[in-house]
Amino acid sequence: MVVSRYGRALAAGVALALVCGLPARAQDSSTAEQTIDVMNKLFGKHPGKRANHAKGVVAEGSFTPSADAAKISKASLFAGPEVPVTIRFSDATGVPTIADGAANANPHGMSLKFKLSDGADMDVVVNSLAYFPVATGEEFRDLLTAVSQSGPDAQKPTALERFVATHPAAATAGSTAKTPSSFARQIYNGVNAFIFVDKDGKRQPFRFRFVPVQGEEILPAPEAAKREPNYLMDEIGPRVAKEPAKFRVLAQLAEAGDPTNDATKPWPESRKTVDLGTLTVTKVVPDSAEAEKALLFMPNALTDGIEVSDDPLIDARVQAYAVSFGRRAQ
Ligand code: HEM
């Protein structure tokens, strides 16, 4: 459905280009395509790989809902019993050989595909940022473009310095994500707001948060830089084979007036959180490199009882992930 919507937008762009008599390529370049183009410029083109979060490892596990979860949302995910989950942990950037301990490998990501009892999938795609550097897809494209124009030889003030001057979260968001000792020892945040709908139709905006039961463990930056380049990818399999890794799945609840349409604005830590259940990671799949090719996690692939909010970043992500998938599947 998502991809077909993207397909329609692309078709509309092509049609417009034909009417105008211009080459289709110049006319149909959407924000999402421009974003992927600039990612490819920054990180290089790597056939078959994701434009962002290119390096990852695929695991399997399960989700067991809490009793409280079913009170706040009618989603079948929360009605129980436990459901299987496919999980992909990842490093940031589109560089498939990035060292796991590199500063630019932050924010690390966790993507989840819940196999619901009705046979459908539900996706959740989270990372270790406390909040996002920008509020819209256009701003994210512009931020990446500014980065690409601000190399060591760029004239001052650089495009990036000019961007940051008018987008304060872009200066601070990055430092909220730090290198963990293990993918299983990192807190991952939803960043975007979603909406729970309960059985009476009551709506409650929230943000996901995944907290390791063993606690978060962050490495000092000099130690992270000294780690083996694949230490995170290599560590998770043997760890969960010995003992499954567990995360508490939380929802931070918005109060009236908390913005749902601006991922640069975290809600106060004092907001109530609801324990939705436990995510258990039990094994890394035998051929992770092959498995990740077929996987596409979509931030709007939800289920009855969980809806998107008015956060414009969600649709921007959906469009960008579809373009990235289209290119890596070729
Ligand atoms: C406009 C904002 C954003 C854009 C344009 C963007 C772009 C992308 C792209 C192009 C991919 C590769 C998709 C694929 O080929 O399957 C990706 C992957 C990913 N993104 Fe984003 N992203 C954005 C915001 C976010 C946010 C807010 C989060 C988390 C809160 C996030 C977390 C991730 C993760 C975890 C992956 C890896 C997905 C996987 O494991 O397959 N991104 N992103």
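Helices (H or I, at least four residues) and strands (E, at least two) are DSSP runs, numbered from the N terminus. The views below come from a predicted model, in which local features need pLDDT of at least 70, side-chain atom pairs count only at pLDDT 80 or more, and totals for chains, interfaces and linings use all residues. Residues are numbered from 1 along each chain as its sequence is written.

**View 1. The shell around the ligand.** Which helix gives the most to this shell? Helix α11 does, with 8 residues. At least two residues each are supplied by α3, β2 (83-90), β3 (109-115), β4 (121-127), α5 and α11 (312-328). In total, 32 residues surround the ligand, and the closest are Arg50, His53, Gly109, Ser111 and Ser324; a residue is near a molecule or strand if its C-beta atom, placed from the backbone, lies within 6 Å of it. By class, the shell holds 16 nonpolar, 12 polar and 4 charged residues (Ala, Val, Leu, Ile, Met, Phe, Trp, Tyr, Cys and Pro count as nonpolar, Asp, Glu, Lys and Arg as charged, and the others, Gly among them, as polar).

View 2. His53 sits in the loop between α3 and β1 (56-65), and its phi is near 55°, a positive value in a residue other than glycine. Because 25 other C-beta atoms lie within 10 Å, His53 is buried (20 or more other C-beta atoms within 10 Å of its own; 12 or fewer is exposed, in between partly exposed; C-beta atoms are placed from the backbone). Thr93, in the loop between β2 and β3, has phi near 80°, also positive in a residue other than glycine. Thr93 has 21 other C-beta atoms within 10 Å, so it is buried.

**View 3. Helix α3 against helix α5.** Residues 31-43 form α3 and residues 137-148 form α5; the two pack at an angle of about 25°, with their axes 9 Å apart. That angle makes α3 roughly parallel to α5 (under 35 degrees; over 145 is roughly antiparallel, 65 to 115 roughly perpendicular and the rest oblique). Axes are lines fitted to C-alpha atoms, for helices over the stretch in contact, and angles run from 0 to 180 degrees between N-to-C directions. Residues making the contact include Val38 and Leu42 of α3 and Phe140 and Leu144 of α5; contact requires C-beta atoms, placed from the backbone, within 7 Å. The contact has 6 nonpolar, 6 polar and 3 charged residues.

**View 4. Helix α5 against helix α6.** Here the axes come within 7 Å and cross at roughly 145°. Asp142, Leu143, Ala146 and Val147 of α5 meet Ala159, Leu160 and Phe163 of α6. This contact has 6 nonpolar, no polar and 1 charged residues.

**View 5. Two cis peptide bonds.** Gly80 and Pro81 are joined by a cis peptide bond with omega of about -5°, and Pro81 lies in the loop between α4 (69-72) and β2. The bond from Lys156 to Pro157 is cis too, with omega near -15°. Pro157 is in the loop between α5 and α6 (159-166).

**View 6. Thr264 and its neighbours.** Thr264 belongs to the loop between β8 (245-253) and β9 (273-284). Is Thr264 buried or exposed? Thr264 counts as buried because it has 20 C-beta neighbours inside 10 Å. Leaving out residues up to four places away in sequence, Thr264 touches Tyr131, Phe132, Pro133, Val134, Ala135 and Ala169.

Technical notes:
Two residues are in contact if their C-beta atoms, placed from the backbone, lie within 7 Å.
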